[in-house]
Amino acid sequence: MSPLTPNVAIPPTQRSPRVDFDFQNGRFLISGESYPEDAARFFGPLLQAVEDHVAGTPDGSLVFDLALAYFNSSTAKALMNLFDLLERAAGRGVPVVVNWHFAPEDDAMREFGEDFSEDIHTCVFNLCADRDG
Amino acid sequence: MLARSYLDFKARLDEQGAVLTYCGSVSETVLVALGETLKQKMAELETDAAVVKRVFSIFIEQVQNVIRYSGERVAADADAVGLGAGLIMVGVEDTRYFIVCGNFVRHERVEPLKARLDHLATLDKEAIRQFYREKLREPPEEGSLGATIGLIEIARRSSRPIEYDFAPRDAETSFFCLKAYA
């Protein structure tokens, strides 16, 4: 358990997603649209916080809810890096669940979910067609 | 004369089906403002939601490429996301949206860029999807800031093969144009 990890709550902007990371309860949410000016700068500290948290072998499982309506290619890269680090954590025995939310009619977001899931073997990855368009 | 001259200029844009045209310095702030304007315009034209998403994806990747790779960048620092310069046009041609971006590139960038685009042109939809996955897993190519994935995303969202071309301008630069259809 890493009780010192402060929670993260970033409100959404026109171009960056809402981020709610509740480390104590192991709940992580990223939602909205994501095409930040500098995706590496936006996501870098968030990924680092998750990395530090999982390094402390947290109690209980980690649940990630990703509910993005649109993201650009630099964000896709950041998501790939997030999944890589979650896979490594899961490989060390940390239970990780990723819920990929998308609107039923949104083929692009469904495809992204399917493509990411092909590289995820240790985390549980759920495709959830439950997002409002 | 003034009004006549600009009316002619505007008429030429209208003939191309232009919905939104921008020429000049492009910053990330300009990108957000144009993106929002484009969304409003498409809502007004009652554009199908799936088409709106495709137009927007292509638009963002195209404009971010202009900001990052334009040969007229104000910030010489390769790491800085700064100001580029170029031409952006979103329009409708036979009921189909198109997005064109043009910017100057240094001659030495022409061949590598053309090689990437030529390669993309040989791929079908499924191969483009696989190529995107592959590139996502690789570290970015040197000096690319992730441009390859951006180009793949444009090709992936385009409902027709993307069109591209280069026109030499002077001893150092060529004008590069890329057109995609949503």
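Predicted model: local features only at pLDDT ≥ 70, side-chain atom pairs only at ≥ 80, totals over all residues.
Biologist: Let's start with chain A. How many helices and strands are there?

Modeller: Chain A has three helices and six strands. Read from the N terminus on, they follow the order β-β-β-α-β-α-β-α-β.

Biologist: Why are H1(A) and H2(A) called roughly parallel?

Modeller: Helix H1 (residues 39-55) and helix H2 (residues 73-91) of chain A pack at an angle of about 5°, and their axes are 10 Å apart. Angles under 35 degrees count as roughly parallel, and H1(A) and H2(A) are therefore given that description.

Biologist: Which residues of H1(A) and H2(A) meet?

Modeller: From H1(A), they include Phe43(A), Leu47(A) and Val50(A); from H2(A), Leu82(A), Leu85(A) and Ala89(A) are among them. By class, the residues of this contact are nine nonpolar, three polar and two charged.

Biologist: What radius of gyration would a compact globule with 133 residues have, and what does chain A have?

Modeller: Such a globule would have a value near 14 Å; chain A has 14 Å, so the two agree. The C-alpha trace of chain A spans about 40 × 30 × 20 Å along its principal axes, and 38% of the 133 residues count as buried.

Biologist: Happy with that! Now, what makes up the contact between the chains?

Modeller: Chain B brings 19 residues and chain A brings 16 residues. On the chain B side, helices H2 (28-44), H3 (49-69), H5 (125-137) and H6 (147-157) each supply at least two residues. The largest share, seven residues, comes from H3(B). That side of chain B has seven nonpolar, four polar and eight charged residues.

Technical notes. Residues numbered from 1 in each chain as written. Chains lettered and ligands numbered in written order. Contact = placed C-beta atoms within 7 Å. Helix = DSSP H or I, 4+ residues; strand = E, 2+ residues; numbered from the N terminus. Nonpolar A, V, L, I, M, F, W, Y, C, P; charged D, E, K, R; others polar. Axes fitted to C-alpha atoms, helices over the stretch in contact; angles between N-to-C directions. Parallel < 35°, antiparallel > 145°, perpendicular 65-115°, else oblique. Rg over C-alpha atoms; globule rule 2.2 N^0.38 Å. Buried ≥ 20, exposed ≤ 12 C-beta atoms within 10 Å, placed from the backbone.
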